[in-house]
Amino acid sequence: MLQKTQPLKTYFISQIYTPENNQVLEDHQLFIEKVIETSVQAFYQVLLNDPSTQHFFTNELVENHLQKELKIWLLQTLSPKTSKEDSVDLVNKQRQIGDVHARIDVPMQLVNSAMTIIKHTFFDAIQEDKDICVEQKVPLVILISQLMDASLNLINESFLEGHVENQRSAQEFRNRTSAHELAIEIERVKGSLFGWMTQFMADQLSGDGRLWDIEHQEFSLWIRHKLGLICTDQKSISTIQMNLGELQVELSAIQDKNGNRQDLIKKINALASEIGWMLSHIADKHLDKATKEDILTSLIERRFMSPILQNESQLAKKTGNPFSILMIDIDNFKQINDIHGHQAGDRVLQYVGQALKLSLRVTDYAFRYGGEEFLILMPETSLGNATLAADKLLNKIRAIDIQLENNRQIKVTASIGIAEFDGHPDFEHTIKIADEKLYEAKHNGKNRYEF
């Protein structure tokens, strides 16, 4: 006769904190707290010595933030839970960790390995501890294993949901890119490319010996930060990026006088022309696509933000070039709606959205964040340069004349909070800082920026 099995819900993490198991955790809490320190150190020692993890973590980040967060999480997971609220909070915490891992794009195998290291550290400590009697060791090992495995299931489940959603958003962002908008943007990029080429040729004719570095040219930034998000043709992306790399190699050869100058100039011209042709080809292939814009403001919808910011965070970690975020909020927007009506409020959003879109570089992203709030992402932009951009945006918004019915006219202002990427792999961390600075700008009188 088959033994009756327990329902699956019995193994859900909140069901593990029975009175008996809570007593086990309470009896060994001092031991658990001591081993938490050891297990965290063991995990990060392995983590930082593995070359595959360097993309995600740095020693400074581990020391200042992640070790502390891991200790808090382990203590919360391995402490008694006597109320439904405690269990709900724990489940939410596990899912929040999975969400963060999805935003950082940490591989699941890395998280699974971390849990294995932590579990083995605990098991070794339990085996070696002479103060724990033999009868208590097996139940403690089983309980810790159950809690770790149940936590890992929740984290991975949330990670997969977030990862799938990010991939879906990225794909939809590509699929719904407006052909008209893309064509205009690519023309701006080509204008930057050929404008640079014209100046380069003029310098060669005049004998100007300046050092040519295309890394921070507008067309180069756009190819690095935007091309991969709007184009699904990986072959075209790889070819353009390869040509861009070769372009810099040939420029360096001219500067170092390494090779025939005329041949190098011809090759540079050919590479630039091919990049321009391939960009035009990409624009042509998108002519049948629909729009991705927020209907009211013509800015990018917030739901497309996650894959874009994830990509920028990874690029910033890889290259060491920070990005900056501007959180923008229209001042006294509720008062505008109350006095002039919601149609006037919509008109204000349209005018401000258009002003933002026309004021930014081709490499920047402008999002309708929600309500009267906007988010600007500026790749490879330091905090100092972001403040200059914020000052220009404030002036643009102040200069807007918004025409209403009956010849009425209103003026608006905005407040801006600015934050620079500081190495934290979760982009929500940078958004939170920018949001806090926006609150400061509001508190300090509005119509200003804070950083």
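**Salt bridges and a helix pair in the predicted model**

At 32% relative accessibility, R448 counts as partly exposed, a class lying between buried (under 20% relative accessible area) and exposed (over 50%), computed with a 1.4 Å probe on protein chains only. The side chain of R448 meets that of E450 in a salt bridge with an N to O distance of 2.8 Å, whereas E450 is buried at 13%. A salt bridge is here a side-chain nitrogen of Lys or Arg within 4 Å of a carboxyl oxygen of Asp or Glu. Salt bridges with shared partners also join D329, D331 and K442 into one network.

The structure is a predicted model, in which local features need pLDDT of at least 70 and side-chain atom pairs count only at pLDDT 80 or more, while totals for chains, interfaces and linings use all residues. Residues are numbered from 1 along each chain as its sequence is written, and side-chain values use heavy atoms, with hydrogens and water left out.

The whole structure holds 13 salt bridges. Among them, E301 pairs with R303, the closest N and O atoms being 2.3 Å apart; R303 is partly exposed at 37%. A further salt bridge links E436 and K432 (2.7 Å, N to O). E436 is partly exposed, at 40%, and K432 is exposed, at 53%.

Helix α15 (residues 342-359) and helix α16 (residues 383-398) have axes that come within 10 Å. In α15, V352, L356 and S359 meet L393, K396 and I397 of α16, contact being heavy atoms within 4.5 Å.

Conventions
Axes are lines fitted to C-alpha atoms, for helices over the stretch in contact, and angles run from 0 to 180 degrees between N-to-C directions. Helices (H or I, at least four residues) and strands (E, at least two) are DSSP runs, numbered from the N terminus.
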